[in-house]
Amino acid sequence: MNQRVRLGDSVEELIERARSGDSEAMEALFRRCRPRIDELAARRLARRPPSSMRPSDIAQETALRAFNRFSTFKGTTEAEWLSWLMSILETTAALSFRHAGRQKRDDRGAVPVDGPEAAKVPASERSPSQAAALEEAWQSAFAHIFQLPDEQRQAIWLCHLRELRVAEVAERMGKTEAAIAGLVQRGLKALRLRMTDGAVAEPSDARVPAASEDAALALLTYLRRRDAGGDVDPAAFVAEHPACADELRDMLDWITRIQAIRPTRFEA
Amino acid sequence: MLLPGSRVGEYEVARLAAAGAMCDVYEARQAPGGRRVALKVLNESWCLQGDVVGRFLNEARLLQGIRHPHVVALLACGSLPNGPPYMVLEWLPISLADALSGAAGRAATPAEAVRVALQMADALGALHERGIIHRDLKPENVLLDVNDLAVAHSRLADFGLAKVRGAQATDIAAVHVSTGGSVALGTWDYMAPEQWIKSKDAGPKADVYALGVLLFQMLAGRLPFRAEQPKDLMCLHLFEDPPLHLLGERTPAVVRDLVARMLSKTAPARPSMQEVLAGLSEAP
């Protein structure tokens, strides 16, 4: 049941009432903290080189994520509330930096529109057959990921399709970050086997090549660097890990393929 | 298009009630002053499409063999003189979609939601016992006798995508219609993961999933998964946990747990329709 919100209501009161389903208190809580989110987003962006990202975009996305995940907030005080918002803002900012980095990499092949190369560039609009082929490709990829063992499927979904931080994935799945890297590693191997050989690999399937510990550790390092918002160059990263270079290269290649089909706009 | 006053068998057309993409629905009367009925006619433009006509005829054939208090009743069927096939159904002009949107998108009360879900589980359970899978449960296909969920009697309608499995298949299906192996059939928002992947393989548990989505929608006032693009929606249905916290504290724990199980990603993890029926019957 909604009660009237007053200016004098404390954040603690609003949290308590929002938690009990009071939508007006929920709105007031987010209105009250919005200037603080704006300020934090501006500060977070100030630590980065200039880019097309705007603090207001990060703030808006943070508020939306926090709103959708309010039920997972367990604190009661204003300090806990701000700390929780800060952690969401960090995740949001890291994801945005990563997407911006990817966009930048994608732009590397750009040519000036008035240059002679422009005439050779194919039209960006897809033909119906191209669109159909693309649709078949993502449907097939999702179907293969879906058929992985539960935990591997969940780890790949959260780490690479939702692009959550590995620490957050570990918390959600009640595992260590190393265990998550191991699940992703095994999942990617099984996925490769399924998609390239058409094999149906079960967890115990002997056809899934053994996963090396070195590669799992390297993958964890990769995920942490990615989460920190760094622009990880796959080739350079593989070169840093010669002991498991082939396996690592293969995994990063599959991660890139999965990221290419990741969902873009949804509410969760 | 049929004009008011036209006669179709023993029925007289009163007015065009709804014009759909494939079918027009007319309000008609059995005799002047007699009971109202819905006359559903396949659009002429679709009459050259073999699979569309096949689905329409199969729906009529299937409904002919079903008498259930929560399945829309078929009163007659045939073809108009100029060719298009038709069905005469009981008159139920309100859908669950109307009832939910009429309340400005608000959620139903848990008692109302459980009541409607129980009736649908009863209907779907009876179909499953006969080897029939509906495959297109959604608010638009749940018809109500009155616009009040607290007292309405609901009926399951639109069997255009229904599939018959087992020995009954050849008895019921008038025309073979290919479900094209990998083509996704159904309405995106209510489709189970296996239906997204390969509709042909979807069994009765796909209806359990759709009823889980419907129950969630009634309780939360919104769909569990929302996205505009099919790719994004498929991802959510295949991989994302349903946001059960949106069901709110007023939803009894037993119902919340049941919804969670009905929305399980894999079919074996979902309860059967009979188990759903039993679970809903226990709801306070």
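Colleague: Let me try it on a pair. At roughly what angle do the axes of helix α8 and helix α9 of chain B cross?

Modeller: Roughly 165 degrees. Helix α8 covers residues 253–262 of chain B, and helix α9 covers residues 273–281 of chain B. Their axes come within 9 Å. That angle is over the cut-off of 145, so α8(B) and α9(B) are roughly antiparallel to each other.

Colleague: Is the crossing of α8(B) and α9(B) left-handed or right-handed?

Modeller: The crossing of α8(B) and α9(B) is left-handed.

Colleague: Which residues of α8(B) and α9(B) meet?

Modeller: From α8(B), look at B:Val254, B:Leu258 and B:Met262. They meet B:Val276, B:Gly279 and B:Leu280 in α9(B). By class, this contact has five nonpolar residues, one polar and no charged.

Colleague: Now helix α3 and helix α6 of chain B. How do their axes run?

Modeller: Helix α3 takes residues 110–129 of chain B, and helix α6 takes residues 204–220 of chain B. Their axes come within 9 Å and cross at roughly 165 degrees. Apply the cut-off again: over 145. Therefore α3(B) and α6(B) are roughly antiparallel to each other. The crossing of α3(B) with α6(B) is right-handed.

Colleague: Which residues make the contact of α3(B) and α6(B)?

Modeller: On α3(B), they include B:Ala113, B:Ala117, B:Met120 and B:Leu124. On α6(B), B:Leu211, B:Leu214, B:Leu215 and B:Met218 are among them. The contact of α3(B) with α6(B) has 13 nonpolar residues, one polar and one charged.

Colleague: What is the crossing angle, roughly, of helix α6 and helix α11 of chain A?

Modeller: Roughly 75 degrees. Here α6 is residues 150–161 of chain A, and α11 is residues 245–260 of chain A. The axes come within 10 Å. Angles from 65 to 115 count as roughly perpendicular, so that is how α6(A) and α11(A) lie to each other. In α6(A), A:Ile156, A:His160 and A:Leu161 meet A:Ile255, A:Ile258 and A:Gln259 in α11(A). The classes are four nonpolar, two polar and no charged.

Colleague: Let me step back to domains. Which domains does chain B have in its assignment?

Modeller: Domain 1 spans 7–90 and domain 2 spans 94–281. The C-alpha centres of these two domains of chain B lie 24 Å apart. In chain B, 15 residues of domain 1 are in contact with 19 residues of domain 2. On the side of domain 1 that touches domain 2, six residues are nonpolar, five polar and four charged.

Colleague: How many residues does each chain give to the contact of chain B with chain A?

Modeller: Chain B gives 17 residues and chain A gives 15 residues. Elements of chain B that give two or more residues are α5 (193–197), β12 (226–227) and α7 (230–239). The largest share on that side, seven residues, comes from α7(B). The side of chain B that touches chain A has eight nonpolar, three polar and six charged residues.

Colleague: What ipTM and pTM does the predictor give the complex?

Modeller: An ipTM of 0.78 and a pTM of 0.72.

Colleague: And where is pLDDT below 50 in chain B?

Modeller: First, a rule for reading. Where pLDDT is low, the predicted coordinates should not be read in detail. Chain B has a mean pLDDT of 88, and 91% of its residues reach 70 or more. Over residues 178–183 of chain B, though, pLDDT is below 50. Chain A has a mean pLDDT of 76, and 72% of its residues reach 70 or more. Over residues 105–124 of chain A, pLDDT stays under 50. The model has five contacts beyond four places in sequence for that stretch of chain A.

Key:
Residues numbered from 1 in each chain as written. Chains lettered and ligands numbered in written order. Predicted model: local features only at pLDDT ≥ 70, side-chain atom pairs only at ≥ 80, totals over all residues. Axes fitted to C-alpha atoms, helices over the stretch in contact; angles between N-to-C directions. Helix = DSSP H or I, 4+ residues; strand = E, 2+ residues; numbered from the N terminus. Parallel < 35°, antiparallel > 145°, perpendicular 65-115°, else oblique. Left-handed = near helix turned anticlockwise from the far one by under 90°. Contact = placed C-beta atoms within 7 Å. Nonpolar A, V, L, I, M, F, W, Y, C, P; charged D, E, K, R; others polar. pLDDT = per-residue confidence, 0-100. Domains from an automatic or database assignment.
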